[in-house]
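This report is written for a reader who is new to the structure. Please look over the sequence and the model before reading on.

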Amino acid sequence: MATTRRAVLLAEDDANVRSVVADTLRQDGYEVIEASNPSEALALARRHADTIALLITDLVMPELNGLQLAEILRSSQPEIKVLFMSGYDEESSVVSGLEGMKGQVLHKPFSADELTQRVHAALPRQPSP
């Protein structure tokens, strides 16, 4: 039986935000793979390439920004969906650089309901076996 891609790779350098997002998604039934920086996210993506369906990444992080991280991941996993998190408003140059990406932006602060709705939109729920 083929592995169903259902895992979420969460790349967020703020430990508090990462913890809240990961806990919220786990409570909603998702497997969450946490990375505290882009390098760690890339290493985990290679290790879990057959299960990751969605990247949730902060737009502004050390080393690489979220857009660069998504582009690198999509070069080897073009089917991966992306949800960007940002504390910047839509008119910021950080957010305006996303015009060519298929991902969406989730503006901080956001509620648990808003997060799960966006993840459900990206990864339609599948019945449990």
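## Terms and overview

A residue is called buried when its relative accessible area is under 20%, and exposed when that area is over 50%. Ser 86 has 0% relative accessibility, so Ser 86 counts as buried. The model is a predicted one.

The protein contains five helices and five strands. Starting at the N terminus, the order of the elements is β-α-β-α-β-α-β-α-β-α. The protein has 129 residues, and buried residues make up 43% of them. Of the contacts between residues at least 6 apart in sequence, 63% join residues at least 24 apart.

Which strands pair with strand 3? Strand 1 (residues 7–11) is joined to strand 3 by five bridges, and the two run parallel. Strand 4 (residues 81–86) is also parallel to strand 3, and five bridges join this pair.

## The pairing of strand 1 with strand 2

Strand 1 also pairs with strand 2 in parallel, through four bridges. One of the bridge partners in strand 2 is Val 32, which pairs with Val 8. Between strand 1 and strand 2 the chain passes through helix 1, and this β-α-β crossover is right-handed. A right-handed β-α-β unit is also made by strand 3, helix 3 (residues 66–76) and strand 4.

## Helix 1

Helix 1 runs over residues 15–27 and has 13 residues; its first and last C-alpha atoms are 18 Å apart, close to the 18 Å expected at 1.5 Å a residue. At the N-terminal end, Asp 14 caps the helix, with a side-chain oxygen 2.9 Å from the backbone nitrogen of Asn 16. After helix 1 comes Gly 29, which has a positive phi near 100°.

Which residues of helix 1 are buried? They are Arg 18, Val 21, Ala 22, Thr 24 and Leu 25. These residues cover an arc of only 160° around the axis, which means that they are on the same side of helix 1. An α-helix has 3.6 residues a turn, so residues three or four places apart point the same way. The buried residues of helix 1 pack against strands 1, 2, 3 and 4 and against helix 5 (112–122). Asn 16, Val 20 and Gln 27, on the other side of helix 1, are exposed.

## Helix 3

In helix 3, the buried residues are Gly 66, Leu 67, Leu 69, Ala 70, Leu 73 and Arg 74. They span an arc of only 160° around the axis, so they lie on the same side of helix 3. Their packing partners are strand 1, helix 2 (38–47), strand 3 and strand 4. Ser 75 and Ser 76 are exposed on the face turned away from the buried side of helix 3.

Helix 3 has an N-terminal cap, Asn 65: a side-chain oxygen of Asn 65 lies 2.9 Å from the backbone nitrogen of Leu 67.

Most residues other than glycine have a negative phi, and most peptide bonds are trans. Two places in the loops may be read with that in mind.

Glu 63 lies in the loop between strand 3 and helix 3. Glu 63 is not a glycine, yet its phi is positive, at about 75°. Is Glu 63 buried or exposed? With 53% relative accessibility, Glu 63 counts as exposed.

The other place is Pro 109, in the loop between strand 5 (104–107) and helix 5. The peptide bond that leads from Lys 108 to Pro 109 is cis, with omega near -5°. Pro 109 is 23 residues from Ser 86 in sequence, and the two C-alpha atoms are 8.5 Å apart in space. Ser 86 is part of strand 4.

Note on methods
Residues are numbered from 1 along each chain as its sequence is written. This is a predicted model: local features need pLDDT of at least 70, side-chain atom pairs count only at pLDDT 80 or more; totals for chains, interfaces and linings use all residues. Side-chain values use heavy atoms; hydrogens and water are left out. Two strands pair if DSSP finds at least two bridges between them. A crossover is right-handed if, with the strands pointing away from the viewer, the path from the first strand over the helix to the second runs clockwise. The expected span of a helix is 1.5 Å times one less than its number of residues. Buried means under 20% relative accessible area, exposed over 50%, partly exposed in between (1.4 Å probe, protein chains only). The arc is that of the directions from the helix axis to the C-beta atoms. Contact means heavy atoms within 4.5 Å. A polar contact is a pair of N or O atoms within 3.5 Å; within protein, one must be able to donate a hydrogen and the other to accept it, and residues adjacent in sequence count only if both atoms are side-chain atoms.
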